[in-house]
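Dear colleague,

I am passing on the structure we spoke about, with the sequence alongside it. Please have a look at both, and then read on for what was found.

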Amino acid sequence: MQPLPPLLRYAAHALPLAVLAASFAAQAAAAAVPHLALLVTATAANLLAEAALHRWRPGQVSLLAKVRADVMVRRLTCDFLLIVGLLRLGGDHRETVYLPLVLGLLLFYALHFAGHAAAIRVRGARTLPLLTRNIDASALRITPAPPALLMRRHGPRLLLFGLPATAGLLVTAAGDEPAFAAAGIALSTALAALSLAELVRCLVRRRPASPQEVLDWFDGWLAEYRPTVGMYFSGGVSSAYQANMWLDALSGLDGRPVIVLRERFMMQRIAATDIPIVCIPKVAQLLRLEHSALKLLIHPANSGKTSQVLRIPSIKHAFVNHGESDKLSSCNPYAKAYDEVWVAGPAARERYALADVGVEDRDVVEIGRPQLAPITRYAGPPAGPYTTVLYAPTWEGWDGNPGNTSVVLAGENIVRALLRDPAVRLLYKPHPMTGSVDPRAAAADARVQALIHEANRARAGQRTAGRGEQDGTFLGDRPGPEAAAEPARRTAELDALTTTASFRDDADDMERMLAQSTPEPGRAEAVAAATAAWEAAHWASLPPAEHQVITAPRPALYSCFNEADLLISDVSSVVTDYLAAEKPYAVANTGELSQEQFREAFPTVRAATILTPDAAGVAALLDSVRHPAGDGLAAARAGLKLHLLGPSDPPSQARFNEAALGLCEVADEHRVRMARRLLPGIPAQRGAPEEADAAGGEALEPAPEG
């Protein structure tokens, strides 16, 4: 399906808002004239536009609220314009007939106001100072959330509950029968009264724990669990992948791990894990970690809130990043704020030295990339009739550099060149943040996807027509019904292991917190096995000749690596990680550097085939993949892998664990020094040894008085 032209796309985007504005103008005109047909039509159009805005254009609803034209103002305006029209249409001396209707409508809105206030109180009582996952929170007296329509969806609630009143007024306008309006208003008022009663019931029944009770409970959990290592993460909606890639490595460390988040929405974006997760939005509560046994936090990303946790002197901090590349973001000056910077191999150490951003060489620790263990090694040229090519461009970044992503200047050329080869099967997996900064990247991504869908339709037509064998290619048959149905069964199995699938639609953060309690033993291993089974079923269910556009979280990037014979990407961490397989890869040069300058500036491309924006070298690249004798870069890839990722022995997970233990030991030594410096000058208090032990330090004898 071809995307709409920009002008039509913008027109479709603005249509509900335009209809809403026009309907108000038409209502006002119909009430002033008066004109029955116009009044009825304008009111109906108003209701439809409101429904469309709430269903498909929530951003425009928020925009209207910012200019004080929120849903309450709009519904009041619509209904009272309708009342004015009724008075004008009814002639003189109709005020006494319609006065009860006006009073009833005012009562409905008064009850709605009261319900909205009660909903705010309920939300406040159910908003805890922190959230947890994989921790038993039953002691907090958590109860199921009220229906979302009553508590969180203010606009849809007013639209739905007010619909009988508006409909009754319309029928009365058409037939001059006030009884219909009275019945509609009575029904709307009853709905508003019932919703208010339900919310009041939620306020007076057994209340959840107070904020102070929650914090006391959390302090008790910290003292009992005594976490020693953790991961700190703060980021936007699409950045959860940066933390998710470290979950398995973190769970494999010696110690008691914990994950510390700062944004409430991030709780459900962290992938399935058995590691306890806490979300602490406010810095005042975050500082309670200083009195815990936590010794080390790893940081997969920099954020504005990172400095808040760095203030805790009892915890050591290591920056591990979420991938390494030759971009400036991989040697950010912010890294000097951490105690240590953990990198994959010698290349990153050299990168920091050359960047001269204040990171001392002694603070750089090479740990490899423990996430890369699932990537399979190169096993030779393509064995089947198709060469599977993974095109995984990165996103456009924040700085506007045209060389960041190939999707804008070269994406369509690369994809066209690949699709021209009848023996290529293309996997297109764009970065999840593609188009988030530059609209040109979003438009180019849409065009690339359209090209791939069109190519699939053409191949399906060839299969139907019986062509394929004649031109030397094999289109293959679609998998049987059993293979096609297997992913759905595996999805259900995987969802059953992750509690996110079992939430009620009305569940809020508090209810999810109770549902995501302490996991069953062995769940993490079961999730890993179910994920592997899903990936195997997914790839087996796909037609062998069908190109794939992969934008969902599954299949994961490393699963795509294992499926691919060749990677085409940009200067990004994708290239570094793919080198673990030692398979052929290519990098697009869309900047202003010559090929020699490009290789010199970006060490990760020194074993790659360099593609220009016109993608002229794609045919030769495919030939070298199919005939390894023509691949002159195999030895270079092996050497570059060692330079970028470090040695394979000892394994990366072992080096990661050794680095963590070493920094934990430094944290222990720091606590002992601080305790010896501070305690002699502070009068001892009863229970000081036990309190020192609870804080993760060593218990010291009280200082002598006097």
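Which residue in E8 is the bridge partner of Val341? In this predicted model, that partner is Val364. Strand E7, which covers residues 340-343, pairs with E8 in the parallel sense, and three bridges join the two.

Both strands belong to an open sheet of eight strands with mixed pairing, whose order reads E1-E4-E3-E2-E5-E6-E7-E8. Its edges are formed by strand E1 (131-133) and strand E8 (364-366), each of which pairs on one side only, and the twist from one strand to the next averages 25°. Helix H25 (residues 652-678) packs on this sheet, where it touches strand E2 (229-233), strand E5 (296-299), strand E6 (316-319), E7 and E8, and the direction of H25 makes about 150° with that of E6.

Elsewhere, Leu99, Leu103 and Leu106 make a nonpolar surface patch of about 280 Å². Leu106 lies in helix H5, which runs over residues 95-125, and this leucine counts as partly exposed because its relative accessibility is 43%.

As for the protein as a whole, there are 26 helices and 14 strands, and 47% of the 706 residues count as buried. The C-alpha trace spans about 95 × 95 × 50 Å along its principal axes, while the accessible surface comes to about 32,800 Å², 60% of which belongs to carbon and sulfur atoms. Among contacts between residues at least 6 apart in sequence, 72% join residues at least 24 apart.

Methods:
Residues are numbered from 1 along each chain as its sequence is written. This is a predicted model: local features need pLDDT of at least 70, side-chain atom pairs count only at pLDDT 80 or more; totals for chains, interfaces and linings use all residues. Side-chain values use heavy atoms; hydrogens and water are left out. Patches are made of residues with over 30% relative accessible area and no salt bridge: like charges are joined within 9 Å, nonpolar side chains (Val, Leu, Ile, Met, Phe, Trp, Tyr) within 5 Å. Accessible areas come from the Shrake-Rupley method with a 1.4 Å probe; for residues, only the protein chains shown count as cover. A salt bridge is a side-chain nitrogen of Lys or Arg within 4 Å of a carboxyl oxygen of Asp or Glu. Helices (H or I, at least four residues) and strands (E, at least two) are DSSP runs, numbered from the N terminus. Buried means under 20% relative accessible area, exposed over 50%, partly exposed in between (1.4 Å probe, protein chains only). Two strands pair if DSSP finds at least two bridges between them. Axes are lines fitted to C-alpha atoms, for helices over the stretch in contact, and angles run from 0 to 180 degrees between N-to-C directions. Contact means heavy atoms within 4.5 Å.
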